[in-house]
Amino acid sequence: MKSETGLTLVDTHAHLDFSQFDADRGEVLERANHSGVTQVVTVGYDLESSRQALALAREHEGVKACVGVHPHEAGKVDPGFLSELEELSQAPEVVGIGEIGLDYYRDRSPRATQREVFKQQLELAARLNKPVVVHDREAHSDVMSTIREWATGLVTADEDSRGPLGVMHCFSGDQRMAEELFKLGFYVSLAGPVTYAKADRLQALVGRLPLERLMVETDCPFLPPVPYRGQRNEPAHVRLVAEKIAEIKGLSLAEVASVTTA
Ligand code: NI
């Protein structure tokens, strides 16, 4: 979709299939467009939500899909889930595998199962030559060792034919972690929390990270940026995340939009 504002923002991580959008999904996408958002990546959570993500991408111009199983759901997958993900990912609207990863904050699936399902989906992404969208909550060390092992194996196998390996969504690590991710071929993505009053550590970090390796997202309906805290988040609000990055870095919004979109 074209935006009337001349901006070219991408909300790289949304959950448009969630029921919070059932009543007004079309209007939500229209508002995103008015706000300068030209593309929304809607990200799967389990098989059903991955199917819905693909259906939404087929239905709406400017929407792309990722398919994958979130660590919260890792304990519920049946043995056929990988082949179903593979089948879904053949669709041209599917741009990546996600969201996948580890969540040791909620621990909704046993950690060993989370790690197993994460690794299986990383292998699938490598086979399909698709980037991954990684969720990491209070699991930095295990996420990094898993990614390190995976990415290092890939680089020796086929160095030139691969594009970016993936993105760390709603980044919550430190500078050292970000730099290792960049070296491994990853991007980091920022969401609403970068706008919070108490986020000075994250904001200072953003000031030091290269804009060329940053992406923006909402993770809607969750994580609304200031001043929408407590409300449903939606893709239009990704502009507030980009504005915050522009403010921190002393750049124009248009520049942040075009570089993060590229
Ligand atoms: Ni998410």
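Predicted model: local features only at pLDDT ≥ 70, side-chain atom pairs only at ≥ 80, totals over all residues.

Student: Why is F18 called buried?

Tutor: Buried means under 20% relative accessible area. The value for F18 is 17%, so F18 is buried.

Student: What makes F222 partly exposed?

Tutor: The relative accessible area of F222 is 37%.

Student: How many aromatic pairs does the structure hold?

Tutor: The structure holds 3 aromatic pairs. One of them joins F18 and Y45, with 6.0 Å centre to centre and 85° between the planes.

Student: Why are F18 and Y45 called an edge-to-face pair?

Tutor: Ring centres must lie within 6.5 Å, and planes over 60 degrees apart count as edge-to-face. The centres of F18 and Y45 are 6.0 Å apart and the planes make 85°, so the pair is edge-to-face.

Student: Which parts of the chain does the pair of F18 and Y45 tie together?

Tutor: F18 lies in the loop between β1 (9-14) and α1 (25-34), and Y45 in the loop between β2 (37-43) and α2 (47-59), so the pair ties together parts that are 27 residues apart in sequence. Both F18 and Y45 are buried.

Student: How do you know that F18 and F222 form an edge-to-face pair?

Tutor: The values are 5.5 Å centre to centre and 85° between the planes. F222 lies in the loop between β8 (214-216) and α8 (238-249), so its pair with F18 ties together parts that are 204 residues apart in sequence. F18, Y45 and F222 form one aromatic cluster.

Student: What makes R111 a charge over the ring of Y104?

Tutor: The charged end of R111 sits over that ring, 4.1 Å from its centre, and the distance cut-off is 6 Å. R213 likewise lies over the face of Y187, at 4.8 Å from the ring centre.

Student: Why are β1 and β2 said to pair?

Tutor: Two strands pair if there are at least two bridges between them. β1 and β2 have 4 bridges, in the parallel sense, so they pair. In β2, Q39 is the bridge partner of V10. The chain crosses from β1 through α1 to β2, and this β-α-β crossover is right-handed.

How values were computed:
Residues numbered from 1 in each chain as written. Heavy atoms only, no water. Phe/Tyr/Trp six-rings, centres within 6.5 Å; stacked < 30°, edge-to-face > 60°. Helix = DSSP H or I, 4+ residues; strand = E, 2+ residues; numbered from the N terminus. Buried < 20%, exposed > 50% of the residue type's maximum accessible area, 1.4 Å probe, protein only. Lys NZ or Arg CZ within 6 Å of the ring centre and 35° of its normal. Right-handed = clockwise from strand over helix to strand, strands pointing away.
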